[in-house]
Amino acid sequence: MAGNIQRENQHSIADWAKTTFGPVHDPAVLVERAELELFELKEAVAKGDAVEVGKETADVVILLHRLLDQFQLTLETQINQKMAENRKRNWIAKGDGTGHHVA
């Protein structure tokens, strides 16, 4: 069955969403929906439910693809640019798998 799954990209996701839900008149609604999906992701993580973690993470990324499409941006380009910036910064680890930059 996995062989029959369509390989998606930002353009195909944005097109599907526009056809399915209509055009976005206010991109802030996509952010609000992503917040809801993040809450559901947090619940799935708390339960240790790997299947739901995958699904909820995908929901968040789908919304982010659609949001970036509204601004004619691509997630891949934005990630690459941000990682180039992050790699130049100095970081302090918090000891919990996260941290913050100092420069």
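**View 1. Val61, a residue of helix H3.** Val61 sits in helix H3, where helices (H or I, at least four residues) and strands (E, at least two) are DSSP runs, numbered from the N terminus. With 31% relative accessibility, Val61 is partly exposed; buried means under 20% relative accessible area, exposed over 50%, and partly exposed in between (1.4 Å probe, protein chains only). Val61 and Val24 are 37 residues apart in sequence, and their C-alpha atoms are 17 Å apart in space. A word on the model: it is predicted, so local features need pLDDT of at least 70 and side-chain atom pairs count only at pLDDT 80 or more, while totals for chains, interfaces and linings use all residues. Residues are numbered from 1 along each chain as its sequence is written, and side-chain values use heavy atoms, with hydrogens and water left out.

**View 2. Helix H1 packing with helix H3.** Here helix H1 (residues 10-21) meets helix H3 (residues 50-70) at an angle of about 90°, and their axes are 9 Å apart. H1 is therefore roughly perpendicular to H3. Angles under 35 degrees count as roughly parallel, over 145 as roughly antiparallel, 65 to 115 as roughly perpendicular and the rest as oblique. Axes are lines fitted to C-alpha atoms, for helices over the stretch in contact, and angles run from 0 to 180 degrees between N-to-C directions. From H1, Gln10, Ile13, Ala14, Ala17, Lys18 and Phe21 meet Ile62, His65, Arg66, Leu68 and Asp69 of H3, contact meaning heavy atoms within 4.5 Å. The residues of this contact comprise 6 nonpolar, 2 polar and 3 charged; Ala, Val, Leu, Ile, Met, Phe, Trp, Tyr, Cys and Pro count as nonpolar, Asp, Glu, Lys and Arg as charged, and the others, Gly among them, as polar.

**View 3. His65 and Arg66 in helix H3.** Both residues belong to helix H3. His65 is buried, at a relative accessible area of 14%, and Arg66 is buried too, at 9% relative accessibility. Not counting residues up to four places away in sequence, His65 touches Gln10, Ile13 and Leu75. With its neighbours within four places in sequence left aside, Arg66 contacts Ala17, Lys18, Phe21, Gly22, Pro23, Val24 and Leu30. Arg66 and Ala17 are 49 residues apart along the chain, yet 7.6 Å separates their C-alpha atoms.

**View 4. The largest pocket.** This pocket has a volume of about 300 Å³. Its lining includes Trp16, Val29, Arg33, Glu37, Asp59 and Leu63. H1, helix H2 (28-47) and H3 are the elements that give two or more residues to the lining. By class, the lining has 8 nonpolar, no polar and 4 charged residues. On a 1 Å grid over the protein atoms alone, a pocket is an open set of points where a 1.4 Å probe fits, with protein on both sides within 12 Å along at least five of seven lines, and lining residues have an atom within 4 Å of a point. Grid points are joined across faces, edges and corners, and a volume is the space filled by probe spheres set on the points.

**View 5. Val53 in helix H3.** Val53 is placed in helix H3 and is partly exposed at 25% relative accessibility. Beyond residues up to four places away in sequence, Val53 touches Leu41, Ala44 and Val45.

**View 6. Gln72 in a loop.** Gln72 lies in the loop between H3 and helix H4 (75-88). Gln72 is exposed, with a relative accessible area of 69%.
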